[in-house]
Amino acid sequence: MGKRWINRIAVGILWACGLMTVVALGAVILYVFVRGIGQITPEFIFTKPHGVNAEGGIGPTIVATIYVTGLSMLIVTPVAVLAAVYLAEYAVQGRLVNAIRFAADTLASVPSIVMGLFGFAFFVEAMGLGFSVLSGALALSFLMLPIVMRATEEAIRAVPKYIRWGSYGLGASKWQTVSRIVLPAALPRILTGIILAMGRAVGETAVVIFTMGQAIYMPILPTDPGRSMTVHLYTLAMEGINIEAAYGTALLLMIMVLFFNLTARWLAARNRRLQG
Amino acid sequence: MTPVPTALNAPLAELAGKPRFSVRDLDFYYGDFQALTGITIDVRENSVTAFIGPSGCGKSTFLRCLNRMNDLIPGTRIEGTITLDGADIYGPGVDPVDLRRRVGMIFQQPNPFPMSIYDNVAFGPRLHGVTKKAELDEIVEKALVRANLWKEVKDIMGRGGLTLSGGQQQRLCIARVLAVQPDVLLMDEPCSAIDPTSVQKVEDLMAELKSTVTIIIVTHNMQQAARVSDETAFFLQERQGEPAELIEFGRTAEIFTSPHDRRTEDYITGRFG
């Protein structure tokens, strides 16, 4: 076989593999879209499920999902950002800092079901928070923490040295430089990290099933229990209650995750444009 | 044998103006590596002093000793003394942050902050506690006027500093420093990254500013040193791995027409560097 043929075959295989990733994504989206689109009505989005077959809408689960994700973001952002500022700007680079980074990376790879179990034992039981949005948000924050922290750290390191020098050269202290120059300059990338982490949290099931419970309930206070969209989807499908509503829920969930991902991409692109 | 810089041979009184910076026997180290040795020099007020020499000769390192910018690099230290208006800038109780307000710095790469033109110039005054809008407006306008940028930007103050051209950005950075009213302006190759028209403007600016601000400029461009400076200091690292030293220092006209040291002559006539 000639070189030309080998080359053609190699390119063909590469092309086919590339195509497969697109087909896989397309197939999932298309299938869920086709099965779910008929369900999406204002009633489905805004009303409560009722009856033994969970007919009606999924309103409370959407509220619970947004509630727990938002609360988790509020908990995680200050901690993660300040930890990253410490790591990137203040800590003496060495063993301790490497240990903290390693811990964050490992935390990111803990299976979420294990995180859920821990959240149940620690927040629900030991701290006595019960099945609640707060317990769910705290457990989810463990999941989001490493994502936001590493994104922030990288964003801070990407701020050019000479911009910091300009600030120091004007008689700014380290904290003034960090808070007035470095963090604002790093903000778009930090936001991107936060949004990606929120996308991850919206799609999380194992953690919230253990910590927020499964009660279909419109949560008002952080101490109220709730059922996330993912948990609702799981229950509907696994117990064969209402498979059509399950696809409707799945479609809404995908739209939300897609929204987070697209927002993150848009922010990153806008940032590249602004900084030339 | 360390040659004695000629400015010390010639009586300093010949040079008008009293010394602003007095440096005596300065050694500088990056960790174990000694980068500068035995620097002794007086920089007098209301003048432009140029530091020239080949790449890696320590002139920028020395410049950063003067506002303690090197403090930001871990493992650096100095021996010897540097006084500013008679006070030791490395003495106990001296806050490098306060020092850097008095000794402003302009960098090779124009480095406006990613914020509006107005906020760039107001950044320093705000740092140091100016909050009244009217007062800030006045400081910003004055600084931009002094930096010869006011006419070009007065109607676009809200626009991002990074949208200006390279030469305008550099003058914006100069305005930003002038807004905190420094006594000294350190310029580290301020013209090497901007276009020729802007170079002209920055050079004119230096001539205007020197009546109120002492200027020290590091430059690779000998014509520039000859054009803008009153005094010139020639630095040289003779062998790789050895510390750089100050070879000769004196009036610019003298350095460029009748240098005392053969190495200075070789450098300015283009035999190396």
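This is a predicted model: local features need pLDDT of at least 70, side-chain atom pairs count only at pLDDT 80 or more; totals for chains, interfaces and linings use all residues.

How many of the 11 residues of α4(B) are buried?

Modeller: Eight of the 11 residues of α4(B) are buried, so the helix is mostly covered. The buried residues are Ile117(B), Asp119(B), Asn120(B), Val121(B), Ala122(B), Phe123(B), Gly124(B) and Pro125(B). Buried here has a plain cut-off: 20 or more other C-beta atoms within 10 Å of the residue's own.

What provides the cover? The covering elements include α5 (133-146), α6 (150-153) and α7 of chain B.

Take α7(B) in detail. Two packed helices are described by the angle between their axes and the distance between the axes. The axes of α4(B) and α7(B) come within 7 Å. They cross at roughly 35°. From α4(B), the contact uses Ile117(B), Asn120(B), Val121(B), Phe123(B) and Gly124(B). From α7(B), it uses Leu172(B), Ala175(B) and Arg176(B). By class, this contact has five nonpolar, two polar and one charged residues. An α-helix has 3.6 residues a turn, so residues three or four places apart point the same way.

Now follow the chain onward. Just after α4(B) comes Gly129(B), with a positive phi of about 100°.

Next, the partner chain. 22 residues of chain B are in contact with 15 residues of chain A. Both α4 (117-127) and α7 (166-178) of chain B give two or more residues to that side, as do α3 (96-102) and β6 (103-106) of chain B. The largest share, four residues, comes from α3(B). The chain B side divides into 13 nonpolar, five polar and four charged residues.

Six strands of chain B form an open sheet in the order β6-β7-β8-β3-β9-β10, with mixed pairing. Its edge strands are β6 and β10 (245-251) of chain B, and each pairs on one side only. The twist averages 15° from one strand to the next. Within this sheet, β3 (48-52) and β8 (214-218) of chain B run parallel and are joined by four bridges. One pair of bridge partners is Phe51(B) and Val218(B), the latter in β8(B).

Chain B has another open sheet to describe. Four strands lie in the order β2-β1-β4-β5, and the pairing is antiparallel. β2 (33-44) and β5 (87-88) of chain B stand at the edges. Each has a single partner strand, so one side of each is left without a neighbour in the sheet. For β5(B), the pairing with β4 (76-84) of chain B is antiparallel and spans two bridges. There, Thr83(B) stands opposite Asp88(B).

Key:
Residues are numbered from 1 along each chain as its sequence is written. Chains are lettered from A and ligands numbered from 1 in the order in which they are written. Two residues are in contact if their C-beta atoms, placed from the backbone, lie within 7 Å. Ala, Val, Leu, Ile, Met, Phe, Trp, Tyr, Cys and Pro count as nonpolar, Asp, Glu, Lys and Arg as charged, and the others, Gly among them, as polar. Axes are lines fitted to C-alpha atoms, for helices over the stretch in contact, and angles run from 0 to 180 degrees between N-to-C directions. Two strands pair if DSSP finds at least two bridges between them. A residue is buried if 20 or more other C-beta atoms lie within 10 Å of its own, exposed if 12 or fewer, and partly exposed in between; C-beta atoms are placed from the backbone.
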